[in-house]
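Open the model in your viewer and keep the selection panel handy. We will go from stop to stop, with something to select at each one.

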Protein chains: 2
Amino acid sequence: MWQLFQFPLCPFSRKVRLVLAEKGVGHELVRENPWERRDEFMDLNPAGETPVMVEPDQAVTLIGSQPIVEYFDETVDRMPMIHGNAALRAEIRRMTEWFDIKLYREAVEPLMNERMRKRLVNRESPDTRVLREAMRTASEHLDYLDYLLDHGRWLAGPGLSLADFTAAAHLSVIDYLGALDWRGHKQTKDWYAVMKSRPCFRPLLGERMEVIVPPGHYDKVDF
Amino acid sequence: MWQLFQFPLCPFSRKVRLVLAEKGVGHELVRENPWERRDEFMDLNPAGETPVMVEPDQAVTLIGSQPIVEYFDETVDRMPMIHGNAALRAEIRRMTEWFDIKLYREAVEPLMNERMRKRLVNRESPDTRVLREAMRTASEHLDYLDYLLDHGRWLAGPGLSLADFTAAAHLSVIDYLGALDWRGHKQTKDWYAVMKSRPCFRPLLGERMEVIVPPGHYDKVDF
């Protein structure tokens with residue numbers, strides 16, 4: 001049985017969980033707080049970051065959300081995540097990187113630092129300047145999503161793909177942290193409601209991080 | 001004919017150039033300074049970052065080093081970059097991400113900011129504290145490479161792979177910027193000498209960025 005080392009507000013863990021659920025890959029969740037830098041976890045992944053997946057019987061260890069997703073997309077046919085011809089696959093990978101690198105660095109990571117890490121780990125107050133800037137950037141990313149969704153139903157090419165699950169994973173963390181203002185973003189809101197209503201999303205939305213409480217609309221498909 | 005939008009000190013452009021040369025994909029280089037945010041380039045890639053590849057006749061646009069490499073690995077058999085079984089492919093992708101994300105953020109990007117961007121674009125002096133910290137981190141990364149190369153000839157699994165070309169691309173930028181101290185890193189130095197001696201590496205090492213001059217050993221295979 002696969003084990004997934006993850007924590008509830010890690011967007012990369014969420015991305016993997018959505019993909020595993022869509023593909024029907026059985027797994028056990030192992031809660032890992034990367035900031036504790038537990039020896040056994042550092043031995044698994046010297047970068048000290050979630051997600052990591054381990055299959056003890058097959059002696060396989062997979063590290064990082066994109067290598068994990070590519071692994072299961074190569075080995076499990078159900079619900080292809082990176083599909084179509086080579087050019088479309090490149091477009092799905094590009095949009096996925098956009099969210100994993102750009103949206104993460106500009107909005108998700110600073111919001112996690114200010115609203116989660118400082119509270120849980122450092123016991124400091126958030127830096128309101130950094131918070132404001134990250135929320136402003138998150139709102140710009142919503143504008144960009146609105147633009148993409150004006151031109152198509154999904155975020156990369158004609159079908160539902162890894163790009164959609166990745167964007168939804170990152171947005172769900174920002175939303176949990178109460179940093180998304182959905183007003184004026186009808187296209188993205190409608191798309192996100194569709195994503196939220198998929199069965200893969202339900203366990204994520206039901207989970208809570210200790211101390212940090214999401215806003216009331218967070219787990220509602222109608223929000 | 002493919003066009004590759006790139007600039008000489010972009011590590012991601014270098015990664016793509018090494019792969020294209022190894023695979024024998026004909027292409028034309030188009031010099032792009034991303035900091036100029038040229039309208040036509042921003043239309044190609046809203047992230048405003050190199051590398052981008054365009055094939056006008058096929059109307060294909062590929063954006064970002066990993067999507068580009070995956071595209072050519074899927075469509076060109078020669079010199080497979082991400083090879084082996086699914087678990088080995090995951091390991092190659094993980095090590096590639098290690099260099100593209102971790103080495104880049106911790107060392108390459110701050111060094112490019114301090115030693116290239118501030119000089120060419122902002123006309124400011126470098127921040128010596130940031131420089132020192134980035135050089136210290138680069139040295140720690142060399143220690144880690146030494147450790148990996150103590151356990152095998154290549155950086156991911158038993159064969160030469162994308163992980164090696166990616167690491168070499170990033171290191172070559174740090175080396176150009178005069179920020180690598182090779183003393184005490186025999187394993188990595190020997191491996192890098194092998195990488196440098198491959199034909200794919202010669203055009204890169206012969207190229208110069210205006211104003212910024214690399215140290216004397218930079219383009220020597222024996223250094």
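Buried means under 20% relative accessible area, exposed over 50%, and partly exposed in between, using a 1.4 Å probe and protein chains only. Helices (H or I, at least four residues) and strands (E, at least two) are DSSP runs, numbered from the N terminus. This is a predicted model, in which local features need pLDDT of at least 70 and side-chain atom pairs count only at pLDDT 80 or more, while totals for chains, interfaces and linings use all residues. Residues are numbered from 1 along each chain as its sequence is written, chains are lettered from A in the order in which they are written, and side-chain values use heavy atoms, with hydrogens and water left out.

**Stop 1: helix 3 of chain B**

Select residues 65–75 of chain B, which form helix 3. Nine of the eleven residues of this helix are buried, so it is largely enclosed by the rest of the structure. Among the buried ones are Pro67(B), Glu70(B) and Tyr71(B).

Axes here are lines fitted to C-alpha atoms, for helices over the stretch in contact, and angles run from 0 to 180 degrees between N-to-C directions.

Show side chains where they meet: helix 1 of chain B brings residues including Phe12(B), Val16(B) and Leu20(B), and helix 3 of chain B brings residues including Ile68(B), Val69(B) and Phe72(B). Contact means heavy atoms within 4.5 Å.

**Stop 2: the sheet of chain A**

Switch to chain A and find an open sheet of four strands in the order 2-1-3-4, with mixed pairing. Two strands pair if DSSP finds at least two bridges between them. Strand 2 (27–31) and strand 4 (60–63) of chain A stand at the edges, each with a single partner strand, so one side of each is left without a neighbour in the sheet. From one strand to the next, the twist averages 20°.

Zoom in on strands 3 and 4 of chain A, which run antiparallel and are joined by four bridges. Here Val54(A) stands opposite Thr61(A) in strand 4 of chain A. Helix 3 of chain A (residues 65–75) packs on the sheet, touching strand 1 (2–6), strand 3 and strand 4 of chain A.

**Stop 3**

Select Asn45(A), in the loop between helix 2 (39–44) and strand 3 (52–55) of chain A. Asn45(A) is buried, with a relative accessible area of 3%. Not counting residues up to four places away in sequence, Asn45(A) touches Val52(A), Ile63(A) and, across in the other chain, Arg94(B).

Next comes Glu32(B), in the loop between strand 2 (27–31) and helix 2 (39–44) of chain B. Its relative accessible area is 1%, so Glu32(B) counts as buried. Contacts of Glu32(B) beyond four places in sequence include Phe5(B), Arg38(B) and Phe41(B).

Finally, pick Leu142(B) in helix 5 (residues 128–150) of chain B, buried with a relative accessible area of 0%. Among its contacts beyond four places in sequence are Leu171(B), Trp182(B) and His185(B).

**Last stop: both chains**

Show both chains: chain A can be laid on chain B with an RMSD of 0.0 Å by a turn of 180° and a shift of 0.0 Å along the axis. That is the relation of a two-fold axis. Copies are superposed by least squares on the C-alpha atoms of residues with pLDDT of at least 70 in both.
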